[in-house]
Amino acid sequence: MKRWSLVLMVAMSLVILAACGQKKYEPVAINEDVDICVVCNMQVKDDAYATQLTTKDGKNYKFDDIGCMNEWKKSNGTEQIGMDYVRDYNDKSWVEFSKASYVYDASLRTPMAYGVISFKDKAAAEAFVKEQALGTVLTAGELASHEWKQNKDMMNMDMQSGEGHMEEHSSEEGTHSEETDM
């Protein structure tokens, strides 16, 4: 009986030590008042397009568009990433980048015009494509070979029409400065 107790205690100790050695990463809430995309320096809105990653040393970076997060990965590599997250387009819940499904179409409006949106599962992505009658469903692995291009026509259209993400940033920045001047 003593022998089994000793074996059980040693086994439990090893499990506890193994659990303590693993870092657990969690997505961080978006604060629209202070969060700025580290790539394009635009405000990160608390919407379906926000993404973020946490490095193994605990630094958190937020992005206003998945294309900006891709640019960061190209510049900094992926070896130091502890976890990266995207949002489900439908309910805005955080989803691990590698587990999400994606829809790409150049005509999809995203903050920086990369045209890629994310879903928590393939069924939701396929339903979006069927409903909108456009887009291609991609996996996280397929995004690695995706040609990341900004739809410059859409960006120009946003600036000319006075609508869209870039205009929103400008007007909010103006609002923010007015608030700080008071």
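This is a predicted model: local features need pLDDT of at least 70, side-chain atom pairs count only at pLDDT 80 or more; totals for chains, interfaces and linings use all residues.
**Notebook: salt bridges and rings**

I started with Asp46, which comes out as partly exposed because its relative accessibility is 38%. My cut-offs: buried is under 20% relative accessible area, exposed is over 50%, and partly exposed is in between, with a 1.4 Å probe and protein chains only.

Residues are numbered from 1 along each chain as its sequence is written, and side-chain values use heavy atoms, with hydrogens and water left out.

**Salt bridges**

I got 9 salt bridges in the structure. That needs a side-chain nitrogen of Lys or Arg within 4 Å of a carboxyl oxygen of Asp or Glu.

Asp46 has a partner, Arg87, at 2.7 Å, N to O. Arg87 sits in strand β3 (residues 81–87) and Asp46 in the loop between α1 (2–21) and β1 (51–55), so this bridge ties together parts 41 residues apart in sequence. Helices (H or I, at least four residues) and strands (E, at least two) are DSSP runs, numbered from the N terminus. Arg87 is buried at 8%.

Next I looked at Asp91 and Lys120, whose salt bridge is 2.5 Å, N to O. Asp91 is in the loop between β3 and β4 (94–96) and Lys120 in the loop between β6 (116–119) and α3 (122–132), so the pair links parts 29 residues apart in sequence. Asp91 is partly exposed at 40%; Lys120 is partly exposed, also with 40%.

I also checked Glu26 and Lys24, which meet at 3.8 Å, N to O. Glu26 is partly exposed at 46%, and Lys24 is exposed at 70%.

**Rings**

I found 7 aromatic pairs. Rings of Phe, Tyr and Trp (its six-membered ring) pair if their centres lie within 6.5 Å; planes under 30 degrees apart are stacked, over 60 edge-to-face, and the rest tilted.

Phe97 and Tyr102 have ring centres 5.5 Å apart and planes at 45 degrees, so I logged the pair as tilted. Phe97 is buried at 15%, and Tyr102 is buried at 0%.

Phe119 and Phe128 are a tilted pair, with 5.4 Å between centres and 45 degrees between planes. Phe119 is buried at 1% and Phe128 at 10%. Ring pairs join both to Tyr49 and Tyr89 in a cluster.

What lies over the face of Phe97? I found Lys73 there, 3.6 Å from the ring centre. The rule is NZ of Lys or CZ of Arg within 6 Å of the ring centre and within 35 degrees of the ring normal.
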